[in-house]
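Let's take a friendly walk through a protein model, one feature at a time. Keep the picture open beside you as you read.

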Amino acid sequence: MYKIINQNFHLLLISRKLIPILLFIFFICGCNQKRGEDFVKLETPLEEALPKITLTVPDIEDNNNDEPIEITVGNSFEGIEEYSIHGDETQKIHYTYHKLHTIEGNKYIFSVVSYNFGGTGTFYYLTAVDKTMLKSVDEVLLGDRIIINKVKLDMPNSDTVTISYTDRKLGTAMTEKPDNPVEKHFGMDKEKFSQYWIEKLE
């Protein structure tokens, strides 16, 4: 009798240790299933979809109609767009869609896009493109005349992304070459970027 009780007690102890492990496995499986169900499949391969993307240019509007300025990426992945600033006066935007720094996530395509708004600066943005509409929904400014190193997903089929690039230290003249490595982590929440943390890789 004592032997049976002792065996049952050991089985109970083992099962108590296994329960957290099993719960963890079920949790991971559930998350993976949810990511699989939420995954948006592009109608064409990624390379064919990129030229069809519509970008909303950040921080400026066409003064004639107070509408955001939209650009279709196109096959050359760079170009010039003109918009009105005062009456008949226009301004040109030079844009480059950096297809080498583009990655497909769960619901979004993450890309680096740079703009020159007519001055000496070239401003780099991490841009999120909705895969169902092929249209940018949000962007975050990374810096002026920086060097992009790498864009990667934190996990397969996720919408959290890590971007590493080289910038200048605070107070350094813009004429100086960027020499300060930075890594930033972003995720998409309700079509908006949320920043997790920054690592300065010095």
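## Starting with a lysine

Is Lys-131 buried or exposed? In this predicted model, Lys-131 has a relative accessible area of 4%, so it counts as buried.

Lys-131 has a charged partner. Side chains of opposite charge can pair when their charged atoms come close. Here Lys-131 forms a salt bridge with Glu-104, and the closest N and O atoms are 2.8 Å apart. This pair links distant parts of the chain: Glu-104 belongs to strand β4, Lys-131 sits in the loop between β6 and β7, and 27 residues separate them. Glu-104 is partly exposed, with a relative accessible area of 26%. Lys-131 also lies over the face of Phe-39, at 4.0 Å from the ring centre.

Arg-145 is partly exposed, with a relative accessible area of 28%, whereas Asp-144 counts as buried at 14%.

Another salt bridge joins Asp-167 and Arg-168, with 3.9 Å from N to O. Asp-167 and Arg-168 are both buried.

## A strand on the inside

Now find strand β5, which covers residues 108–116. How many of its 9 residues are buried? The count is 9 of the 9, so β5 is largely enclosed by the rest of the structure. In a regular strand the side chains alternate between the two faces of the sheet. You can follow this along β5: Tyr-108, Phe-110, Val-112, Ser-114 and Asn-116 point one way, while Ile-109, Ser-111, Val-113 and Tyr-115 point the other way.

Strand β5 has strands paired with it. Strand β4 (residues 89–104) runs antiparallel to β5, and 8 bridges join them. Within this pairing, Thr-96 stands opposite Ser-114, and a hairpin of 3 residues takes the chain from β4 to β5. Strand β6 (residues 123–130) is also antiparallel to β5 and is joined to it by 8 bridges. The hairpin of β5 and β6 has 6 residues between the strands, and in it Gly-118 takes a positive phi near 120°.

Which residue of β6 is the bridge partner of Ile-109? The partner is Val-129. Ile-109 and Val-129 are 20 residues apart in sequence, with 5.0 Å from C-alpha to C-alpha in space.

## Another pair of strands

Strand β10 (residues 180–189) has 8 of its 10 residues buried, so it too is largely enclosed by the rest of the structure. Strand β9 (residues 160–167) runs antiparallel to β10, and 8 bridges join the two. Look for Val-161, which stands opposite Phe-186 in β10.

## Rings that meet

A pair of aromatic rings is described by the distance of the centres and the angle of the planes. A search of the whole structure finds 7 aromatic pairs. In one of them, the rings of Phe-77 and Tyr-97 have centres 6.1 Å apart and planes at 35°, so the pair is tilted. It links distant parts of the chain: Phe-77 lies in the loop between β2 and β3, Tyr-97 in strand β4, and they are 20 residues apart. Phe-77 is buried with a relative accessible area of 9%, and Tyr-97 counts as buried at 2%.

Phe-110 and Phe-193 form a tilted pair as well, at 6.2 Å from centre to centre and 45° between the planes. Phe-110 is in strand β5 and Phe-193 in strand β11, 83 residues apart. Ring pairs link Tyr-108, Phe-110, Phe-186 and Phe-193 into a cluster.

The largest nonpolar core has 21 residues, and the members that touch the most others are Ile-53, Leu-55, Tyr-97, Ile-109 and Tyr-115. Strands β1, β2, β3, β4, β5 and β6 each supply at least two residues of this core. Apart from it lies another core of 19 residues, among them Tyr-108, Ile-146, Leu-153 and Met-188.

Let's finish with Ile-109. It is found in strand β5, and its relative accessible area is 0%, so Ile-109 is buried. Tyr-97 touches Ile-109, and its other contacts include Leu-50, Val-73 and Phe-77.

Terms used
Residues numbered from 1 in each chain as written. Predicted model: local features only at pLDDT ≥ 70, side-chain atom pairs only at ≥ 80, totals over all residues. Heavy atoms only, no water. Buried < 20%, exposed > 50% of the residue type's maximum accessible area, 1.4 Å probe, protein only. Helix = DSSP H or I, 4+ residues; strand = E, 2+ residues; numbered from the N terminus. Pairing = 2+ DSSP bridges. Phe/Tyr/Trp six-rings, centres within 6.5 Å; stacked < 30°, edge-to-face > 60°. Lys NZ or Arg CZ within 6 Å of the ring centre and 35° of its normal. Core = buried A, V, L, I, M, F, W, Y, C linked by side-chain atoms within 4.5 Å. Contact = heavy atoms within 4.5 Å. Salt bridge = Lys/Arg side-chain N within 4 Å of Asp/Glu carboxyl O. Lists of a residue's contacts leave out its neighbours within four places in sequence.
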